[in-house]
Amino acid sequence: MSKILYTSQENYIKSFRNEIDELIIEMEEFAKKGKVPILTPDSAQFLEQLITIHKPKRVLEIGCAIAYSTIRIAKNLKKKSVIDTIEVSKENIKKAKFYIDKSNVKDKINIIEGDALEVMPNLSNKYDFIFLDADKEDYEKLFYFSLMLLKKNGIILVDNLLWHGYAASSKVPPKFRNSTKHVRNFNILFLSHPTLKSTLLPIGDGLGLGIKIK
Ligand SMILES: C[S@@+](CC[C@H](N)C(=O)[O-])C[C@H]1O[C@@H](n2cnc3c(N)ncnc32)[C@H](O)[C@@H]1O
């Protein structure tokens with residue numbers, strides 16, 4: 001159960017879901033069984049909407065996992081637009097390649113294998129849209145790298161900023177204390193950074209949306 005919305009509201013939102021893409025449904029089932037954390041369907045839908053509105057030519061994703069969000073982004077890109085996605089886990093890369101091969105957007109996706117903390121300083125492209133969805137402990141460093149790679153008027157979207165509800169809760173289980181501390185510190189940085197117009201949206205596990213204004 002999410003600790004962000006009331007169950008009745010969450011179920012109400014879910015009741016409008018009408019996904020028909022068999023690959024997307026297959027990937028959601030795989031992620032659920034294998035406990036692979038992927039975007040919630042409502043967050044993924046919002047991400048697709050942003051891509052449709054913003055029409056980025058080049059997207060960077062940090063944290064590909066099995067390529068669920070990657071494929072959902074790629075499906076909404078215009079002709080000639082591409083997504084570079086960074087992933088460090090060999091096991092996830094294998095599964096991501098399997099699903100990307102099954103998708104009809106293979107030509108739009110470039111997987112960069114490695115640790116984003118090492119990969120990002122060596123990237124030469126600039127991006128119109130960056131989606132940050134990696135380990136919370138690394139968010140601050142990855143955010144600074146992202147700002148260097150994001151074009152002016154570019155969008156940065158960051159997942160898990162309400163962190164299962166714990167970011168705003170006074171009761172945090174010991175297992176989540178360290179990660180919650182990182183998310184809270186990150187939220188202060190993200191929501192007050194002078195180069196961004198940013199907001200925190202209660203969609204899925206909490207989405208941070210920033211537009212680079214300087
Ligand atoms: C929450 S999952 C990504 C889910 C994916 N964006 C989706 O919604 O379908 C986070 C992924 O980031 C990867 N990751 C974590 N830290 C990383 C880093 N420093 N560099 C590259 N990948 C990283 C993990 O291996 C994991 O697969």
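Reader: Which residue of S3 does Thr85 stand opposite?

Author: In this predicted model, Thr85 stands opposite Ile111 in S3.

Reader: How do you know that strand S2 and S3 pair?

Author: Two strands pair if DSSP finds at least two bridges between them. Strand S2, residues 82–87, and S3 are joined over five bridges, in the parallel sense.

Reader: In what order do the strands of the open sheet lie?

Author: The order of the seven strands is S3-S2-S1-S4-S5-S7-S6, with mixed pairing.

Reader: What makes strand S3 and strand S6 stand at the edges?

Author: Strand S3 (109–113) and strand S6 (196–201) each have a single partner strand, so one side of each lacks a neighbour in the sheet. On average, neighbouring strands of this sheet are turned by 15° against each other, direction ignored.

Reader: Which strands does helix H7 touch where it packs on the sheet?

Author: Helix H7, residues 139–149, touches strand S1 (58–62), strand S4 (127–132) and strand S5 (150–158). The direction of H7 makes about 170° with that of S4.

Reader: Why is Thr40 called buried?

Author: A residue is buried if 20 or more other C-beta atoms lie within 10 Å of its own. Thr40 has 20 other C-beta atoms within 10 Å and is therefore buried. Thr40 is found in the loop between helix H2 (22–34) and helix H3 (41–54).

Reader: Leaving aside neighbours within four places in sequence, which residues is Thr40 in contact with?

Author: With those neighbours left aside, Thr40 is in contact with Gly204 and Asp205.

Methods:
Residues are numbered from 1 along each chain as its sequence is written. This is a predicted model: local features need pLDDT of at least 70, side-chain atom pairs count only at pLDDT 80 or more; totals for chains, interfaces and linings use all residues. Helices (H or I, at least four residues) and strands (E, at least two) are DSSP runs, numbered from the N terminus. A residue is buried if 20 or more other C-beta atoms lie within 10 Å of its own, exposed if 12 or fewer, and partly exposed in between; C-beta atoms are placed from the backbone. Two residues are in contact if their C-beta atoms, placed from the backbone, lie within 7 Å. Axes are lines fitted to C-alpha atoms, for helices over the stretch in contact, and angles run from 0 to 180 degrees between N-to-C directions.
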